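Here is a brisk report on selected side chains. The sequence and structure come first.

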Amino acid sequence: MRITYRGDLSVNIKQLRYVTAILSTGSFSSAAACEGVSVQAVSKAMSELEGEVGDALFIRTSSGVTPTPLGEAFGARADKVLTEFDALERFVHTRARTAGA
């Protein structure tokens, strides 16, 4: 299997949240329920993300999904990015409340 990477990765926060939700729940449907979106939204986002990355992040079966080695590594990094992004959101919200007081 050959990985093709163009060097201009386009990923959004929702995709990262879906990846981590899939890894923690083991299925697209459970991840969708956790994120409050449809299974189709999660599936479409993962297909687009896999297209961007150039390889599969998950092996899909009738009993759920299993992360590929790339999916595991990507998920670990996505978790770190989300931790920092959530901290940034908290900072902005705290600052906005402080400025408005």
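Buried means under 20% relative accessible area, exposed over 50%, and partly exposed in between (1.4 Å probe, protein chains only). The model is predicted: local features need pLDDT of at least 70, side-chain atom pairs count only at pLDDT 80 or more, and totals for chains, interfaces and linings use all residues. Residues are numbered from 1 along each chain as its sequence is written, and side-chain values use heavy atoms, with hydrogens and water left out.

| Residue | Relative accessible area | Class |
|---|---|---|
| Gln 15 | 5% | buried |
| Phe 28 | 10% | buried |
| Phe 58 | 2% | buried |
| Val 92 | 47% | partly exposed |

Gln 15 sits in helix H1 (residues 13-25). Helices are DSSP runs of H or I with at least four residues, strands are runs of E with at least two, and both are numbered from the N terminus. A polar atom of the Gln 15 side chain lies 3.3 Å from the backbone oxygen of Ala 45. Leaving out residues up to four places away in sequence, Gln 15 touches Ser 10, Ala 45, Met 46, Glu 48 and Leu 49 (contact: heavy atoms within 4.5 Å).

The structure holds 1 aromatic pair. Phe 28 and Phe 58 form this edge-to-face pair, at 6.1 Å centre to centre and 85° between the planes. Phe 28 belongs to helix H2 (residues 28-35) and Phe 58 to strand E1 (residues 58-61), so the pair ties together parts 30 residues apart in sequence. Ring centres of Phe, Tyr and Trp (its six-membered ring) must lie within 6.5 Å to pair; planes under 30 degrees apart are stacked, over 60 edge-to-face, the rest tilted.

Val 92 is found in helix H4 (residues 69-100).

Terms used. A polar contact is a pair of N or O atoms within 3.5 Å; within protein, one must be able to donate a hydrogen and the other to accept it, and residues adjacent in sequence count only if both atoms are side-chain atoms.
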